[in-house]
Amino acid sequence: MRTEPARKLIDTVAWVRIERGRILCARPRGKDVFYIPGGKREGAETDLQTLLREIEEELTVALLPDTVDHVGTYEAVLPEAVVRMACYTAEYTGTVAASSEIDEIAWFTYAQREEVPPVDQLLFDDLVRSGLLAAR
């Protein structure tokens with residue numbers, strides 16, 4: 001009997017910002033794909049600490065910690081890894097803008113689902129089912 005090797009876990013957090021039926025996505029510098037903004041924790045950071053740091057680094061806004069709300073955690077199994085993404089909504093102060101880490105930001109509808117990674121697609125599916133994400 002052959003057992004498959006354990007896959008690496010990529011554990012991330014993401015900020016779900018929806019306005020007028022569209023979700024905010026970001027394309028990191030040097031990448032060809034858009035992602036839900038967020039990233040990986042550093043050391044023993046909590047989800048909240050990671051979320052606040054990553055969003056400030058990527059989008060130059062400060063999330064308001066008292067408004068952070070967990071909306072779901074998604075996992076996608078890839079050939080080389082399992083990607084887990086804990087998703088949160090939150091209000092913010094400042095103006096959303098691409099930082100030096102981000103080449104481009106865009107507002108996606110469900111029609112752009114194929115332009116994001118598999119774990120992000122699971123979030124898109126839930127959001128369109130709940131009526132929060134516009135189909136087009």
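This is a predicted model: local features need pLDDT of at least 70, side-chain atom pairs count only at pLDDT 80 or more; totals for chains, interfaces and linings use all residues.

Biologist: Why is Glu-75 called partly exposed?

Modeller: Buried needs under 20%, and exposed needs over 50%. Glu-75 has 43%, so it counts as partly exposed.

Biologist: What makes the pair of Glu-75 and Arg-84 a salt bridge?

Modeller: The rule asks for a side-chain nitrogen of Lys or Arg within 4 Å of a carboxyl oxygen of Asp or Glu. Here the N to O distance is 2.8 Å, so the pair qualifies. Arg-84 is partly exposed, at 28% relative accessibility.

Biologist: Which residues do salt bridges with shared partners join into one network?

Modeller: Glu-42, Glu-45, Arg-53, Glu-54 and Glu-57. Take Arg-53 with Glu-45: their closest N and O atoms are 2.7 Å apart. Arg-53 also bridges to Glu-42, at 3.4 Å.

Biologist: What does the pair of Glu-42 and Arg-53 tie together?

Modeller: Glu-42 sits in the loop between β4 (38-40) and α1 (47-59), while Arg-53 belongs to helix α1. The pair therefore ties together parts that are eleven residues apart in sequence.

Biologist: How do you know whether Arg-53 is buried or exposed?

Modeller: Its relative accessibility is 17%. The cut-off for buried is under 20%, so Arg-53 counts as buried. Glu-45 has 16%, so that residue is buried too. Glu-42 has 48%, which means partly exposed.

Biologist: How many salt bridges does the rule give?

Modeller: The count is 15.

Biologist: Now the whole chain. Which elements does the protein chain have, and how do they run?

Modeller: It has two helices and nine strands. From the N terminus, the order is β-β-β-β-α-β-β-β-β-β-α.

Biologist: Why is the protein chain called as compact as a globular protein of that length?

Modeller: Its radius of gyration is 15 Å. The globule rule gives 14 Å for 136 residues. The two values are close, so the label holds. Along its principal axes, the C-alpha trace spans about 55 × 35 × 30 Å.

Biologist: What share of the residues is buried?

Modeller: Buried residues make up 40% of the 136. The chain exposes about 7,700 Å², and carbon and sulfur atoms supply 50% of that area.

Biologist: Where do the centres of the charges lie?

Modeller: There are 16 positive and 24 negative side chains. The centres of the two sets are 5 Å apart.

Technical notes:
Residues are numbered from 1 along each chain as its sequence is written. Side-chain values use heavy atoms; hydrogens and water are left out. Helices (H or I, at least four residues) and strands (E, at least two) are DSSP runs, numbered from the N terminus. Buried means under 20% relative accessible area, exposed over 50%, partly exposed in between (1.4 Å probe, protein chains only). The radius of gyration is taken over C-alpha atoms; the globule rule is 2.2 Å times the number of residues to the power 0.38. Accessible areas come from the Shrake-Rupley method with a 1.4 Å probe; for residues, only the protein chains shown count as cover. Lys and Arg count as positive and Asp and Glu as negative; His and the chain ends are not counted. The place of a charge is taken as NZ of Lys, CZ of Arg, CG of Asp or CD of Glu.
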